[in-house]
There are 2 protein chains.
Amino acid sequence: MNEKMRELGCHRSAIRELFEYGKRRRAEIGDDKVFDFSIGNPSVPAPERVRKTLIRLLTETDPVALHGYTSAQGDPTVRTAIADYLNRAYDAGVDANLIYLTAGAAASLTISLTALLNPGDEVILLAPFFPEYRVFAERTGAKVVSVPADPGTFQPDFAVLAAAFTDRTRVVLVNSPNNPTGAVLTEASVKRLVALMEENRAKRKKPIWLISDEPYRELVWGDATVPYLTRYYADTLVCYSFSKSLSLPGERIGYVLVSPRADHAADVYAAICGAGRALGYVCAPSLFQYLIPDCLGLTSDLTIYRDNRALLSRGLRDCGFRVVEPDGAFYLFVESPEPDATAFAERAKSLELLLVPSDSFGCAGFVRISYCVPTDQIRRAMPAFRKLAESYGLKRA
Amino acid sequence: MNEKMRELGCHRSAIRELFEYGKRRRAEIGDDKVFDFSIGNPSVPAPERVRKTLIRLLTETDPVALHGYTSAQGDPTVRTAIADYLNRAYDAGVDANLIYLTAGAAASLTISLTALLNPGDEVILLAPFFPEYRVFAERTGAKVVSVPADPGTFQPDFAVLAAAFTDRTRVVLVNSPNNPTGAVLTEASVKRLVALMEENRAKRKKPIWLISDEPYRELVWGDATVPYLTRYYADTLVCYSFSKSLSLPGERIGYVLVSPRADHAADVYAAICGAGRALGYVCAPSLFQYLIPDCLGLTSDLTIYRDNRALLSRGLRDCGFRVVEPDGAFYLFVESPEPDATAFAERAKSLELLLVPSDSFGCAGFVRISYCVPTDQIRRAMPAFRKLAESYGLKRA
């Protein structure tokens, strides 16, 4: 058999491992005794319109049409609705004929990377990054070049980034709002990043694609805005998922789009279609395709995440933890009070607090705390966080 | 970009190409003027219980649970229900812990092949075969060894098959009932196939896996039964989809299972989990996972296909065509009256009959006619089939 695949199956991601542990642990000692902050599973229900639209589709549509194959790229009316929405909302300049519906953001990424990369190519990732990026990129035979972000702001460190480009750099993959830090790439960062990419592309006379993975686009707090990257760089692919915005992560629905301004955009799109085919995707789940036009621009009640963030952030600071104040997503990035974040996470686990150490995100010394949990869980977990802080001699602020 | 992927995207499968042509052509000259027999898109609606169960789930289940991530392998209660059903219905001897829910049969296959194969390995396919098998196998770096079936019965030609095994043979992939011929592997054929595989495994001291792709399991006509292959060979993986039995091809729901009798079954299963992860599958669509326990053993109204088959088969014979009488699936395999099946299919196309030439299935001289179409379409297409037959000087039987 394939040994790499066996290993990937035996050693689940640290996040999935903790998530599975949490499920077992809750069964052992009770739901209310385990404080699981491990996974990015939206805790806010899908908007009521999702339920209503699904029931309407099931009631009013011919089941042969509703559940039948769509074109591999996705139903054309759905793709047109998405293009119209993006052009209206972000002046994105996208084209329905260059949108490919997928089974969620992970599919968008594996399809995009398979379409673009050849063995030996290099993919620049800005660390910390979602650990599956490495799995997805390396499966194509490409090499991951991990570039640490500025540890104060979690914006790119441009000096380090500039030195990371080589003749083999084919893709820069960005994720804003970021998992695990919550950081949003500012417009100033985008402009510097794009200038670097343009410069390297010109100097090396080789294409360099920007892949923007943005399942958290709508999850931003305060005044932050998330620049739409097709407006800044021609060779851009946007990977999107409705998992977080509509609280549908299990349903697997999203898309990838190729900017019409990209060099050889039609060829890149053909490669996307080819990769989707070769990986066995056939088409995105049809019922959930037809749901999308009615739900564009709609989100679950995100105020709950905003309130969770404030509550948890304040609570942890009060305990004496150093918390990175994030602009987006539903994660807090918290500095480990000892250099070994895995040891810190283990100690937290002994208090039934499930936190993901940052090492698996390609960055040492932090834990990721998902606050997409019932607000009540944050309140009930506070004594355990306090105990944890005290065990390190941290002082209340 | 990746040139192979671009090519796969530019040159769609002959089936998909015809399907897309059919959609365009219908828009041009009207739905009732085009006789599209190209694609295996079930024409019979999903059973009413599917609609009722989906609406009940949407009405009664907490949306956070219903639409949330499941374990990557799929919800455990769903996997248990499937194992119980298979053990009851087929005495299959399978285990819920070795079932992995997937986004349909294509996903089951790409995941299984990625889990088992390394570059340079060989996969034996019995021709004619579903053309995407080649795409899925070759993407892993493996080599396809195509072994023609007996052209009279479309059972394996065991003399040719015996000569096809080498030290690099890792997988034999069978599909029964077969797409495109409709042939069902008889128990006698299964026993001879398994004996050959055992013999080669012992002689070469190398593992050889049997992958059984069986989305058409329930679509059998007359007295044919479809042997359950875990009962005959230890190192068996079964790939299944609910696409055809429940008429849900667009929803992408199926599974792959590893026989508990397989050598290193737990490792093979781990490799399946690793491959699902690396290809970006995350989990099978959750709403449709939860549908399954209520629908095991249920099928759409298959009598319509049986009647279509009889009507089309008789009609084509009356025109003078030679028709292979299939035991299963919803395809007729019809001999081309000229050696070049593509030329025959082109002439059919000029009469608005969309038939898939057999060349893309790895076998010359036939066309595949999908009879999962409205019965009325078969009746209305008959004058065109008659014209087509007459253009070749075929005589009414």
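A residue is counted as buried if 20 or more other C-beta atoms lie within 10 Å of its own. In the present structure, which is a predicted model, B:Ala142 has 22 other C-beta atoms within 10 Å and is therefore buried. This residue is placed in the loop that links helix H7 (132–139) to strand E4 (143–148) of chain B. When neighbours within four places in sequence are set aside, the contacts of B:Ala142 are B:Leu117, B:Pro119, B:Asp121, B:Glu122, B:Val123 and B:Ala137. B:Asn118, 24 residues away along the chain, has its C-alpha atom 6.4 Å from that of B:Ala142.

The overall build of chain A was examined next. Chain A contains 14 helices and 13 strands. Its radius of gyration is 21 Å, close to the 21 Å that the globule rule gives for 397 residues, so chain A is as compact as a globular protein of that length. The C-alpha trace of chain A extends over about 60 × 60 × 50 Å along its principal axes. Of the 397 residues in chain A, 55% are classed as buried. Where contacts in chain A connect residues at least 6 apart in sequence, 75% of them join residues at least 24 apart.

Two domains are assigned in chain A: domain 1 comprises 3–47 + 300–391, and domain 2 comprises 66–294. The centres of domain 1 and domain 2 of chain A, taken over C-alpha atoms, are 26 Å apart. Each side supplies residues to the contact between them, with 29 from domain 1 of chain A and 29 from domain 2 of chain A. On the side of domain 1 of chain A that touches domain 2 of chain A, the elements giving two or more residues are helix H12 (303–319) and strand E10 (331–335) of chain A. By class, this side of domain 1 of chain A holds 17 nonpolar, eight polar and four charged residues.

The nonpolar interior was then considered. In soluble globular proteins, nonpolar side chains tend to be buried together. The largest nonpolar core in the model has 269 residues, and A:Ile272 and B:Ile272 are those with the most contacts inside it. For B:Ile272, leaving aside neighbours within four places in sequence, the contacts within chain B are B:Tyr100, B:Ile111, B:Ser112, B:Ala115, B:Val256 and B:Val258. B:Ile272 is also in contact with A:Gly9, a residue of chain A.

Methods. Residues are numbered from 1 along each chain as its sequence is written. Chains are lettered from A and ligands numbered from 1 in the order in which they are written. This is a predicted model: local features need pLDDT of at least 70, side-chain atom pairs count only at pLDDT 80 or more; totals for chains, interfaces and linings use all residues. Domain bounds come from an automatic or database domain assignment. Two residues are in contact if their C-beta atoms, placed from the backbone, lie within 7 Å. Helices (H or I, at least four residues) and strands (E, at least two) are DSSP runs, numbered from the N terminus. Ala, Val, Leu, Ile, Met, Phe, Trp, Tyr, Cys and Pro count as nonpolar, Asp, Glu, Lys and Arg as charged, and the others, Gly among them, as polar. A nonpolar core is a set of buried Ala, Val, Leu, Ile, Met, Phe, Trp, Tyr and Cys residues joined through C-beta atoms within 7 Å. A residue is buried if 20 or more other C-beta atoms lie within 10 Å of its own, exposed if 12 or fewer, and partly exposed in between; C-beta atoms are placed from the backbone. The radius of gyration is taken over C-alpha atoms; the globule rule is 2.2 Å times the number of residues to the power 0.38.
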